[in-house]
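Hello,

Please find the structure we discussed below. My notes on it follow.

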Amino acid sequence: MDQKRNASPNPDSNRKFTKTSAATSASSSRTQLPELPQLPTEIWTSIFDHLSANQLLTLRQVCHCWRNIINSNTPLLAKLTVTFPARLTICSTYKPANLPPAAKVHFKNVTITAIGPWWTPFGQRLTELKLSSYSEVDHASLLAMLKHTPNLKSFELSESKMSGERPSGEVDFRLDKLERLVLCGIEDAAPVEVFRQLCGGLKHLRISWDWFTEEHSVSAQEMGEFLQGLQDSLEELYVTCSEDSLVELMKLDRLKLQKLTLAGDEHTDDEKSKHLLMEFCRMLPSLEYLKIKGIRTFDEQSHSLLCNMGQVLPNLNCLQINGMHVDLAFLHNFPKQLQTFKLSGDSRWDSGSAVEIQFNGDEHLNLKELQLKKIHIEDSCLQRHLPKMPHLRSLTIKWCTSNFWSDLLQPLKSLKLLTTLSLHGINVNESADDWTGLEQDDFAASLARLQLAQCEMPPKLLATVLAGCPGLRELRLQSMKLNDTADEEQVAHVVCRKLSKLNTLIIEGCELSNEEVDFIRENCKSLKEFQITGCW
């Protein structure tokens, strides 16, 4: 349970709080506390608006006045999430103690066999309801819960299931305010059938299941029937897809999606699927975000398909695909609005083993964000391609391999507008490398935010990299080696001497002595936020 954000109806935790309150009350009887100032409700509300969820929960226990102010203010209650304890069984006799009013509720690994009368008033305020982490809810109980949540805007059933028999007949209520529905990791079509009857104005929908299931949890026809009634409202769709699903999606002639994710593990690389994908894109000129994950791997034979997709998607600003051999020249066929491109290696291969990128065209002046994932970066590959993206502002390289660190870092010199760099899980094959080019000047002078996580980077190189980023304002280091031998300059000293503009430093899972921590606190005068987690 996240103490900073969540309130728990666990009786044990409330009993502990009651003892603390009793002790405080006894103490106050001996020492006269000053009275609270008499301020208008609007002033108290303005003050409370700056507090966290945990602080609001504490204030509710101070006096009836503050309790009533918080309980009657919708924006303040919207901060509160009630999280029920894991492995709890909720039956008809269960009644949570000291349940605070809240707009959001989360059942995590909870079994619900029946719901008591306490839910009726509690559900009236809810705008978000989530069941996750192998929760199980009886069919009739879920319908009873939903019937008393007229203001619900978001519902999520994630890695959980509905049990028992579905009540016969049609439901006698609707969730007219529901805008977001997530059915993730579902085992059958039961949830889809329930919500097909309950909602008709969804804006955001995700229906997905585990790729390793022998049969699809939801048939293409069931999917199509559900989406048929949502065509006029749906803006975002994430769906586990197959060739049959594409056929059903093609029947939805009124869709005006802005975001689309086609996911799955059925690789449909034949001409029929290529044609279906192309024609479906042609039906969605309003699309701004497109992610094709797992159902197709783009290679040298897909260049024309990618070029044609760019011509029929005039509003697209973000594209994410899986690829093996990709010529980035196809980006020139996309509109000027395309600012984000994310390329991941083929999930059927080991990380970084079979991916090749090229860029045979001219500069792509509009691209501002690039992400490369599970790719082997060949020698001088980035050196050839990154200069053709002069307006790049954010670069993420994740779970990639390379022969030399210099092949990854030297090209950053050409990106004069780069402000954000994230390197995560980088594996470099050769230990010997030439970093002299990085030591000559500020090779990444424009960088403001840098994240380095789980990279096999020598501490001396890490110190050199940091020294070459004098404009850093935010630095995050996770599971990085910070020190090697005593005669090398320590990373802590570089942070304090070279990064004069740094105001946020977060270090997690690194070896860092108490002396180094004290040194940073005393000498890095610009720091406003300094967090250390899991270090030793």
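**Salt bridges**

The model, which is predicted, holds 10 salt bridges. Three of them are described here.

Asp172 pairs with Lys147, with 3.2 Å between the closest N and O atoms. Asp172 sits in the loop between strand 9 (161–163) and strand 10 (180–184), while Lys147 belongs to helix 7 (residues 139–147), so this contact ties together parts that are 25 residues apart in sequence. Asp172 is exposed, at 60% relative accessible area; Lys147 is partly exposed, at 41%.

Glu179 and Lys203 form another salt bridge, at 4.0 Å from N to O. Here Glu179 is in the loop between strand 9 and strand 10, and Lys203 is in the loop between helix 8 (190–198) and strand 11 (204–208), so the parts tied together are 24 residues apart in sequence. Glu179 is partly exposed, with 32% relative accessibility, and Lys203 is partly exposed as well, with 30%.

The side chains of Glu474 and Arg476 also meet in a salt bridge, at 2.7 Å from N to O. Glu474 has a relative accessible area of 23%, which makes it partly exposed. Arg476 is partly exposed too, with 34%.

**Strands**

Strand 4 (residues 104–108) has four of its five residues buried, so the rest of the structure largely encloses it. Strand 4 pairs in the parallel sense with strand 2 (residues 81–84), over four bridges, and with strand 6 (residues 128–132), also in the parallel sense, over five bridges. Phe107 of strand 4 can be followed through both pairings: Phe84 stands opposite Phe107, and in strand 6 the bridge partner of Phe107 is Leu131.

Elsewhere there is an open sheet of three strands in the order 20-22-24, with parallel pairing. Strand 20 (376–377) and strand 24 (427–428) are at its edges; each has a single partner strand, so one side of each is left without a neighbour in the sheet. Strand 20 and strand 22 (residues 401–402) are joined by two bridges in the parallel sense. Ile377 has Ser402 in strand 22 as its bridge partner.

**Surface patch**

Which residues form a nonpolar patch on the surface? They are Leu39, Ile43 and Ile47, which together have about 230 Å² of accessible area. Leu39 is placed in the loop between helix 1 (11–30) and helix 2 (41–48). With 37% relative accessibility, Leu39 counts as partly exposed.

Regards

Definitions and conventions. Residues are numbered from 1 along each chain as its sequence is written. This is a predicted model: local features need pLDDT of at least 70, side-chain atom pairs count only at pLDDT 80 or more; totals for chains, interfaces and linings use all residues. Side-chain values use heavy atoms; hydrogens and water are left out. Patches are made of residues with over 30% relative accessible area and no salt bridge: like charges are joined within 9 Å, nonpolar side chains (Val, Leu, Ile, Met, Phe, Trp, Tyr) within 5 Å. Accessible areas come from the Shrake-Rupley method with a 1.4 Å probe; for residues, only the protein chains shown count as cover. Buried means under 20% relative accessible area, exposed over 50%, partly exposed in between (1.4 Å probe, protein chains only). Two strands pair if DSSP finds at least two bridges between them.
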